[in-house]
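Trainee: I would like to go through this model and ask, term by term, on what grounds each label is given.

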Amino acid sequence: MCGIVAYVGPKQAYPILIKGLRRLEYRGYDSAGICMLNDVLNIYKCRGKVADLEEFVKDKHLTGTIGMAHTRWATHGEPNVVNAHPHFSENKSVAIIHNGIIENYASLRSELINRGYHFSSDTDTEVLVHLIEDILIHEKVPLEEAVRIALNQVIGAYAIVVLSKKSPDKIIAARKGSPLVVGIGKEEFFVASDATPIIEYTNNVVFLNDGEIAIIKRNKMLRIKTVGNKEETPYIQKLELSLSAIEKGGYDHFMLKEIFEQPRSIRDSMRGRLHMDQGLVTLGGIRDYEQKLLNAKRIIISACGTSWHAGLVGEYLLEDLARIPVEVEYSSEFRYRNPVLSEDDVVIVISQSGETADTLAAIELAKAKGATVLGICNVVGSSIARATDGGVYTHAGPEIGVASTKAFTAQVAVLTLLALLLAQRKGTIPVSRFRTILGELNNIPVKVEQVLKLNNQVKEIANLYKDVTNSLYLGRGYNFPVALEGALKLKEISYIHAEGYPAAEMKHGPIALIDEQMPVIVIATRKGSYEKVISNIQEVKARKGKIIAIINEGDVAVKKLADQYIEIPETEEMLVPMLATVPLQLLSYYIAVIRGCNVDQPRNLAKSVTVE
Ligand code: F6R
């Protein structure tokens, strides 16, 4: 949802800004722009991707050691040049970039129009820059104070950077609801939506909190003030993020790299938590809340998209192993439907980015109703990680491909650990069974490696189905969320319509769709409702649908029925999602590549959804 980057220091700003934008492009890519501050503010912007901006500015005046840049995911106003950021104030003395939504922009806009301001874009952002200029003119205060006063009039979410030609060595940045990190280098400062544009230069960062304004002056120490005008001491953290983790490492796309990273990311998410020798699971981040979880009347899992699918697997695991009632909620629904919650409930939110606006709102609601809120997050220091009472990080590493892959399997790994930990404490499964599942979980990374060896076979299957327009994904029990996830992956990156369904529900409607054109991807692994799934396959075959089956090695029955099959290693039924999802990720990936789609940046999508 828009990427922001800014720089001030001794170096030329342009190369740093453009490289930073490329790293942030996963956040939005419908238009991009840059502003260099010399004696004047030079703004260049264009529709399209960062590469288009680079092309566009080739012959422009880009020297300077202070500047800011933006890559946009449109909310207010279509993606075009005028709506692209940065935006100028009326007299072109102030410029702004913004990520978020100003909810009261309409009333502010009419007030400003009455005062003689002209709006050139349809964005909500432009009100803020005019407002800042207005305050500067009438109240004659420094830039940071004008920004602070303006922010007090604004309702909504924002991460902003403001430059003014009258303050040629100053960057003012502020956040509320949208992320912002300040990097502190040697005589230089960086501001960005996440740490990826910064990490190459420094690992000393300050994550701004909601309601904080960073006042950055060349060669001076960073100052932080709140919008309520309170001076804060910057809390400088050392980031442990390597440059290689945010680069493609020889793969054609981030998505493929991230699919192939799964043995490592699952292993890293279990390291130090799964203790085979002692037959034990420990999760340090929720140690203080274990008793609360054990006594919980109910666990509510709240998340969006792929993380919601992981939550569904979590529901089955927690009920199966720990015998705690679980409900899984879309954060966007949960936050608006006045749910019944009490202090005896524990809410677990799941988020890769840790910035999803609806999930953040779900946290606020749950806290307000007295529930304990725990998080399963991938991005360290993210808003969700900080807003929750406690939680467990997935150590999947940066996920840059817009379609989530390694985050999902890491989330499921952490949820499995959680369910096992609670089951052990509650004594809801026999010790020998606990040990068996623990051993199998420990083997999952090796089995994912085996699944990844099927890469070429999946590519061939992708070739057969590249031209379909519809598809159905079926699974039962633990494989139902896998079907949902497989369908989501296909539709988001290849634009083929795909539906995930519980296999037995097919006859209640979707079966009407089946004809000889319809590929039906069935997760038909041997444990669970295997025989029932075979019957569902028969129902599809009887209507001439094509079957692509995910089966276990050595399967005979489904193999005979399937048009194509992919054999994955056998494991415990509850662990199958971590294996069965992988070939479905690959299938979507290759279909999208063959169709010529932009796999890492699918149309209309953005990696972190910081607007509701
Ligand atoms: C799908 C995908 C999205 C995210 C969803 C939640 O591939 O990436 O559906 O899963 O937007 O995002 P997080 O997990 O960052 O809260």
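Mentor: Y7, F190 and Y201 form one aromatic cluster. Please keep in mind that this is a predicted model, in which local features need pLDDT of at least 70 and side-chain atom pairs count only at pLDDT 80 or more, while totals for chains, interfaces and linings use all residues. Residues are numbered from 1 along each chain as its sequence is written, and side-chain values use heavy atoms, with hydrogens and water left out.

Trainee: How many aromatic pairs does a search of the whole structure find, and what makes the pair of F190 and Y201 stacked?

Mentor: The search finds six aromatic pairs, and in the one formed by F190 and Y201 the centres are 5.0 Å apart with 15 degrees between the planes. Rings of Phe, Tyr and Trp (its six-membered ring) pair if their centres lie within 6.5 Å, and planes under 30 degrees apart count as stacked, over 60 as edge-to-face and the rest as tilted, so the pair of F190 and Y201 is stacked. F190 lies in strand β10 (residues 189-192) and Y201 in the loop between β10 and β11 (204-207), 11 residues apart; helices (H or I, at least four residues) and strands (E, at least two) are DSSP runs, numbered from the N terminus.

Trainee: Why is F190 called buried, and what is Y201 called?

Mentor: Buried means under 20% relative accessible area, exposed over 50%, and partly exposed in between, with a 1.4 Å probe and protein chains only. F190 has 1% relative accessibility and therefore counts as buried, whereas Y201, at 24%, is partly exposed.

Trainee: Why is the pair of W308 and Y330 called stacked?

Mentor: The ring centres of W308 and Y330 are 4.0 Å apart and their planes stand at 10 degrees, so this pair is stacked. W308 belongs to helix α9 (residues 305-322) and Y330 to strand β19 (residues 326-330), 22 residues apart. W308, at 10% relative accessibility, counts as buried, while Y330, at 38%, counts as partly exposed.

Trainee: What makes the charged end of K60 sit over the ring of F56?

Mentor: A charge sits over a ring if NZ of Lys or CZ of Arg is within 6 Å of the ring centre and within 35 degrees of the ring normal. The charged end of K60 is 4.4 Å from the centre of the F56 ring and sits over that ring, and the charged end of R603 sits over the ring of Y495, 3.8 Å from its centre.

Trainee: How do you know that the buried residues of α15 line one face of the helix?

Mentor: In helix α15 (residues 455-465), N455, V458, I461, A462 and Y465 are buried. Seen down the axis, these buried residues fall within an arc of 120 degrees, so they line one face, the arc being that of the directions from the helix axis to the C-beta atoms. The face turned away from the buried side carries the exposed residues E460 and L464.

Trainee: Why is S269 called buried, and with which residues is S269 in contact?

Mentor: S269, in helix α7 (residues 262-270), has 0% relative accessibility and therefore counts as buried. Contact means heavy atoms within 4.5 Å, and, leaving aside neighbours within four places in sequence, S269 is in contact with T394, H395, A396, A410, V414 and L417. The side chain of S269 also reaches the backbone nitrogen of H395 at 3.0 Å.

Technical notes: A polar contact is a pair of N or O atoms within 3.5 Å; within protein, one must be able to donate a hydrogen and the other to accept it, and residues adjacent in sequence count only if both atoms are side-chain atoms.
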